[in-house]
Every structure is written in structure tokens, then in C-alpha cells.
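Please open the structure in a viewer and keep the selection panel at hand.

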Amino acid sequence: MDLERGGGGGGGSYLDLGKKKGSWWTVVTLAYQSLGVVYGDLSTSPLYVYKNTFAEDIEHSETNEEIYGVLSFVFWTLTLVPLLKYVCIVLRADDNGEGGTFALYSLLCRHARVGFLPNGQLADEDLSTYKKMDGGGTAASLGGAAAASKVKKLLEKHQVLQRLLLILALIGTCMVIGDGVLTPAISVFSAVSGLELSMSREQHKYVEVPVACAILVALFALQHYGTHRVGFLFAPIVVTWLICISAIGVYNIFHWNPHVYQALSPYYMYKFLKKTQRGGWMSLGGILLCITGSEAMYADLGHFSQLSIQIAFTSMIYPSLILAYMGQAAYLSKHHIIESDYHIGFYVSVPEKLRWPVLAIAILAAVVGSQAVITGTFSIIKQCSALSCFPRVKIVHTSSKFHGQIYIPGINWMLMTLCLAVTVGFRDTRRLGNASGLAVITVMLVTTCLMALVIVLCWHRSIFFAVCFILFFGSIETLYFSASLIKFLEGAWVPIALSFVFMIIMYVWHYGTLKMHEVDLQNKVSIDWLLGLGPNLGIVRVRGIGLIHSELVSGIPVIFSHFLTNLPAFHQVLVFLCIKSVPVPYVRPEERFLVGRIGPKEYRVYRCILRYGYRDVHRDDIEFEKDLICSIAEFIQFNISHASGTPERPEKNNDKMIVVGAGLRLCEEEEMNPDDAAGPSNSREIQSPVVRRKKVRFVLPESPSHISTSEREELQELMEAREAGMAFILGHTELKAKSGSGLIKRFAIDIGYDFLRRNCRGPAYAVNIPHASTLEVGMVYNV
């Protein structure tokens, strides 16, 4: 064991996925890549919009008022929602470069202190990624700051408003998960529906569903390989698809009806609603499908830059979709004899010689769009799990370079099962479209509501701007929402049922987690109890490091006193470890560890808090242990070198915690006992296993500061304890509802939370801990 000086300590690199700045070539490259990742779902919407719109609510008459009215609605919906709302406004509300429902909620939590994480600290606000928005630049006014202050006080004062805000965020999240079930089904099913024009209807009904199911099974079965292995093909596929639908659209416009552009006037929307009335209103549920996938522009913001997504949409996606819808309308305006519903679909407007190539490209584009939605579902479930709103699940990182690419096996097979169920159950795009439309528009409504609060609280604009935003976009989305909800019995019940189930799971888990933390706080042991035990804690101190996991950021967890009561012996170095999430997307490695001392230094008792963002990768390998030991060693060096001449009272020094980086490196070598390394013996005897001894040394950065004797002794003892080994003490706590509790509370705690806790995974760092080094301390709490 020794201490040695070395070059600079390595702390690993940090990939800042915030707002990316670079050359125009970098922006153009990101824009090209975003076509395959972000816009796959939105670009395939022409496959089913007209077919769903004219399914049953309205008829395609000789006057063409219906088809022109639908085209006008599609044009203005694409212009106002994806282009104006998302591209021009919502994309600016990024959380350190991240987007999505939880990014908006995270911003609100930091600006108004309405977060649901129970173990927050003031030190978390010093994180570089915890920065608050600057109030929207020079446009922010004093009146906006006053309005923000009033709204902030209102939210912080009323727990009901905080709970409603959480429920609103969870509803949006649940609908995103439901969209992960419905989008692959309708995209693949609509793409495969092109087979109906090349075979009889009797044959088609026996081919369409099996082919769609086979493609879906293959899609979900390949998820464990990760998108990085085939992702380079996504953008060319979508670009080819966009070129195809644009070229077909231009051909149909000039060949069938060059005057179709007149239908872009909003006057045709008025004529459409005046003629069709209730049927026209109900058909809006089909028109709504033209903006499916728009939310992906904001949700996938973290993988690209704001400018690249804006360039891709305005230069490629928007004009291609408008040309495609205009071309379909031009064709249908000259073809009014509809023998069956599929004669108004996408493929009927494709020239006959091009149908098979277009069909193949459409299927590939549908797979790409489905892939983006599935990976987005994985991502948002990971965020929910990190923020204690979803049970812990197994997360596999499919790429060592891109930490955002993950795979969740359990969720993947659940999505596949549900997706196959709705595909086989519905067997047509009409009901699938009704279900998908309601999920999509609900997420957009949630984004609109949260965005209105962001405008006031984060951008410091006046309430007038927020009210205008929510009234303008909210009224449009509410119109579409009502048209989708009226079709509850025709498929729209599916996202509601799925969201209801996931909402119960998420809320029960969140409620149980909060109750668990409350009882931990109520039963924690004061530090005075620890100080009263003396330097040896009144027990036998054995060699090694004892790592005690707790959710508390202060005080002594009750499991420690419970352990000492039954087994009065413990390790020479004690570390109380708390792994918590903070409402930011990422925490830089040099800011991750927050280390402090409990009691005088002779006690050798430390507290270490690890902070992760909701998109961070939790370390669960041997490097985690090394980083933990190095953080304590650096704290020892910093604490002693900065100590003042007058000693502080231990009680006051207990709360003093510092952020430590990667100034130290830990080198470990395994040594084998020479007596155990003898050659094989011919005698028949039982030999003990070879014992390998671990040699530990710290590599200190070059520093002019001198290491004091007490500092060296404490570091030496830490190294000796590390060489002796590390034991992990985990709390195995059970919650039980008190006698006399209400029926709902007993169901949530005794049945719901208990079932979820028993079937979810343990803490991430504990996955690879050897069972021989783990000790669980059981506790039962009545709440």
C-alpha cells in the first residue's frame, strides 16, 4: 500500500448534449440525420389520413367541397401546429438541450420548487445544469417578472396545484407510452394495405393481418441490437420516401387538377363544415392524423440541435407533406366513384407501374417511424424511473458511444404483445387511427398547458402572452380532441384504457416511494446518538469498508441502529451512500459526488451522495466502487488542507459537504499468496481456494500542497479498508397500511406498491454486487 504522485487525474469525458454549436456543415449533417430519427412517423401520415377521414363520417361528392375542405384543414393544421407551435415556439423551451414532457416539468420544478423528489438539497441548485432560464432575453419585462413571482407563490402555496401539475405530466407520459403501442400498428398496417390493390378482397383479408404482424414481430425482436447498428439507413429511407411522395404529388397535381392549390384557402374549411356539419366535425379525428409524430420534434431535441430540427422540417418535411396531400386531393377530385374504402387511400393515387416499389419503400419508412416511437417510449420510461414515477426496470445500453440509445426488454415485449393485440383485434386503419389520434392530441394538449406555465415562470413573459398561447393552440387542439373522444367506442377507448393502467402503476409507485421516504425521515437516528457511542461506536470495528445504502441525505438511517442492536460489530470505515435523482437531464462527472463527514474524523464515518440526472447512465460496475473510494479520498485531502486553526464543533461540521471531482485515481493490483501458488499435488486432499490479495494505491495529482500526517494516516486507513474488501448493507423495508386505513390506501400500499416493489429491480449499483458481500436488514413500517 502506498501513496504516489502522478500526472493529472482522469475523470472521464463528458458529452454535453445541450445546445450544439458548430459549423453549418455540422448543422446540415444533424438535420439530415434527424430525418430518419425524428420524422419517420410524421412522414408516413399520408398513408392513412384521407382514408380515415372519409371512412364513415363524410362522403366524397361530385362538388369536391369535401376533399377541398379536408385539404384546407390538413394544410392549416400542419402550418399552425408543427410549424408555428413546435418549430417556432416550443423548441425554444429546452432543458439543457433536452425536450419532452418531463423536460417541461423539470423546468417548472426548478423555477417554482414544485418538484416531487423528496430528498432535494440547496446544493443541487449549484449544479451547472441546474441553471434557470434568463427570462427570455431582452423581451422579458418587469411585469413578466412580477407575474412569474405571483404564479410561483401560488404553486408553492397550494399542494393541490402541485399534485395536479404532476398528474398532468403523468397523463402526457402515459399517452406517449400508449402511442408507442398504437403508432407501430397503424404505420405498418397502413403500409401493408397497399397489397389490397394487387389481389382480390377475399385473398387480401387473409394476407394483410399476418404480414403486418410478421413485420411487427421482426421489428420488436431486433430492438436489442440497438438503433446505432442500422440507424445509418434510417435517413436515406425517409429521404427516398419523401422524394417519392413529393414526386407523385407533383405528378398528380399537374396531371389531374392544377387548380387544387385554391383549396389552401381557409374559406374551404368554412364551406366544408357548413355542408357536412356534425359529420365534418367527427371527421376531424381523421384529419388529426396528419400531425402524428409532431411531438417527436420536441421529444428528440436532446439528440440533435434546435436549428437542425427546424431546418429539416421547413426545408424537407413540410413541403413534401404539403405536395403529397395536394397530389392526393388532385387525384380524388377527378375520381368520385368509390367502390370501397381503400379506393380513397394513398396507393390508389400512385401510378400503377410504381405501386410495388412505392409499397416496399412505404413499409421501410413505416418501420423507421415505428422504431423512433419505440425508442422514444424506452427513453421516457427511463426518465420516469429515474424520477421515482415508474418501477425500476432492467435497462440495457445498446451503444457505448451514444448513451441515449437504450433497450428495456420487459417493456419491449409488453409493447409487442399490446401492438399485436390491437392489430389483430381492430384489423383496419379506421379504429387504429381513432385510437392513435386521441393519444397524439392528448400529449399535445399537455404540452400546451405546461408550455403556458413555462412562458410565465421561466421566460418571465406576461400572463397575457401565456393566455393567448393556450387559447389559440388550446382551442385548435381541443377541437380535435373532442372529435377524437366522440369515437370512444370505435377505438378511442384503447389509449384511455392503457393510460389508466399505466397511470395507476406510476401513481401508486410514486405514492409508495414518498411514503417510504417519509417514514425514513420520521425514524432516522440523530447524530447525537452516534456521537454518544464514542470513536469505536461502542462495537467491535473490523477491517474493511461498510457501505450502507439509504435514501436520506441527512441523519442516520434506522437500519444502521437496527443492525447494531442485533450484531454489535462493524467495519473500520463506514460510508452512508445515497443515490438520488435531481430534476436536470445530466450531471457532470466532476459534480456528481457530494461528500461529507459524520462525526469527528476519528470515527471514520462518511456520507456520500451521488446525483444523477433523469437521462444519466447509472454506473453499476467495478468503476463505481473506485469512483466512490476516490471521492472520499479527495474529500479527506480537501477537508484537512482547508481546515482552519480553530476546530469546529462536530455537530456543525456534520452538515458540511463538498463537491469532489476526479482529482485522484485509484490503482488496484491483485497479488496471489506464494503459498497458494504452488503447483498441482498428486495427493488426494481438499485444497482451499486460492486467495488473491488486492493491493491498493492512490495516484495524487501534482499539487504544491503538502499532505499532512493526519491526512496521510486517514488515507492509509482508507486504503487498508479497501484492500480488506467492501460489504454492502441494504435496507429491505416493507410498508404496511395502518389498521383503520381507508380501502384505497390499503389497496395502494398493501397490494399495489408491495407487488411492484417485489417484482421490480433493486438499485442500479447493487445489480453486480456479489451475494457474499451483501447483507439485507429487514424493517416493517406502518403508514
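**Conventions**

This is a predicted model, in which local features need pLDDT of at least 70 and side-chain atom pairs count only at pLDDT 80 or more, while totals for chains, interfaces and linings use all residues. Residues are numbered from 1 along each chain as its sequence is written, and side-chain values use heavy atoms, with hydrogens and water left out. Helices (H or I, at least four residues) and strands (E, at least two) are DSSP runs numbered from the N terminus.

**Stop 1: helix H1**

Select Trp24, Trp25, Val28 and Leu307, which form a nonpolar patch on the surface with about 510 Å² of accessible area together. Such a patch joins nonpolar side chains (Val, Leu, Ile, Met, Phe, Trp, Tyr) within 5 Å, taken from residues with over 30% relative accessible area and no salt bridge. Accessible areas come from the Shrake-Rupley method with a 1.4 Å probe, and for residues only the protein chains shown count as cover. Helix H1 (residues 24-37) supplies the largest share of the patch, 3 residues. Val28 lies in this helix and is partly exposed at 41% relative accessibility; the classes are buried under 20% relative accessible area, exposed over 50%, and partly exposed in between.

Next, select Ser34, also found in helix H1. Is Ser34 buried or exposed? At 0% relative accessibility, Ser34 counts as buried. Leaving out residues up to four places away in sequence, Ser34 touches Tyr39, Phe304, Ser308 and Ala312, where contact means heavy atoms within 4.5 Å.

**Stop 2: Thr183 in helix H7**

Move to Thr183, which lies in helix H7 (residues 159-192). Thr183 counts as buried at 2% relative accessibility. Display its surroundings: Thr183 touches Asp41, Ser370, Val373 and Ser436, again not counting residues up to four places away in sequence.

**Stop 3: salt bridges**

Side chains of opposite charge can pair when their charged atoms come close. A salt bridge is here a side-chain nitrogen of Lys or Arg within 4 Å of a carboxyl oxygen of Asp or Glu. By this rule the count comes to 14 salt bridges.

Select Lys275 and Glu66, whose closest N and O atoms are 3.0 Å apart in a salt bridge. Lys275 lies in helix H10 (residues 267-276) and Glu66 in helix H4 (residues 65-87), so the pair ties together parts 209 residues apart in sequence. Lys275 is partly exposed, with a relative accessible area of 38%, whereas Glu66 counts as buried at 5% relative accessibility.

Then select Arg597 and Glu714, where the closest N and O atoms of the salt bridge are 2.7 Å apart. Arg597 lies in strand E6 (residues 593-597) and Glu714 in helix H23 (residues 709-724), so the pair ties together parts that are 117 residues apart in sequence. Arg597 counts as buried at 3% relative accessibility, and Glu714 is buried with a relative accessible area of 1%. Finally, select Glu65, Glu66, Lys271 and Lys275, which salt bridges that share partners join into one network.

**Stop 4: helix H24**

Select residues 743-759, the 17 residues of helix H24. At 1.5 Å times one less than its number of residues, the helix should span 24 Å, and its end C-alpha atoms are 23 Å apart, which agrees. Where is the kink in H24 centred? A kink of about 30° is centred on Tyr753, the bend at a residue being the angle between axes fitted to the seven residues ending there and the seven starting there.

The buried residues of H24 include Ala748, Ile749, Gly752 and Tyr753. The buried residues of this helix pack against helix H18 (493-523) and strand E11 (726-736).

**Stop 5: two loop residues**

Select Asn64, in the loop between helix H3 (49-53) and H4. Phi of Asn64 is near 65°, a positive value in a residue other than glycine. Asn64 counts as buried at 10% relative accessibility.

End at Arg604, in the loop between E6 and strand E7 (605-612). Phi of Arg604 is near 55°, a positive value in a residue other than glycine, and Arg604 counts as buried at 12% relative accessibility.

Conventions. Buried means under 20% relative accessible area, exposed over 50%, partly exposed in between (1.4 Å probe, protein chains only). Patches are made of residues with over 30% relative accessible area and no salt bridge: like charges are joined within 9 Å, nonpolar side chains (Val, Leu, Ile, Met, Phe, Trp, Tyr) within 5 Å.
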